[in-house]
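Reader: Could you walk me through how to read a fold from its computed features? I would like the general idea, then the case at hand.

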Amino acid sequence: EDGGTISHGELRIRNIWARPAFRSANSAVYLNLQNHGAHAERFLGATTEFAAAAEIHQVKMEGDVMLMTPVLSGVEIPANGHVEFLPNGYHLMLIDLQSDLSEGGSFPLELQFEQSGPILVDVLVDQP
């Protein structure tokens, strides 16, 4: 279940979900960002009152080691392209949750884009 598609200018935001987690723990948000515009857009990050911080992270393999690193410069969404935030790839790390994220619930998250500005979305808490 993707909770629908959200349109924001030339952007389409789909499949927004987060893993269940307890207060004070961390969780991750996953989503699909589609850019139907003629120019690239940059996803800068997100904020929510449900976590002390929300950071873009990327998981990648270096040799036999899987590393998770912050992505400080944001993620480019190519013109007429898309970027998926999936387990073992890009994701939004929610650090120090301020309340439990229970399966079936949802919470607000403000996504920030370089040209398109902010958009408020609801994140479904799910364990697919």
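Reader: How many helices and strands does the protein chain have?

Author: Helices (H or I, at least four residues) and strands (E, at least two) are DSSP runs, numbered from the N terminus. Here the protein chain has 0 helices and 11 strands. Please keep in mind that this is a predicted model, where local features need pLDDT of at least 70, side-chain atom pairs count only at pLDDT 80 or more, and totals for chains, interfaces and linings use all residues. Residues are numbered from 1 along each chain as its sequence is written, and side-chain values use heavy atoms, leaving out hydrogens and water.

Reader: What share of the residues is buried?

Author: Buried means under 20% relative accessible area (1.4 Å probe, protein chains only). In the protein chain, 39% of the 128 residues are buried.

Reader: Which residues of strand S8 lie on its covered face, and which on its uncovered one?

Author: In S8 (residues 81-85), Gly-81, Val-83 and Phe-85 form the covered face, while His-82 and Glu-84 form the uncovered one.

Reader: How many bridges join S3 to S8?

Author: Two strands pair if DSSP finds at least two bridges between them. Strand S3 (residues 27-35) runs antiparallel to S8, and 5 bridges join them. Opposite Val-83 in S8 stands Leu-33.

How values were computed
Buried means under 20% relative accessible area, exposed over 50%, partly exposed in between (1.4 Å probe, protein chains only).
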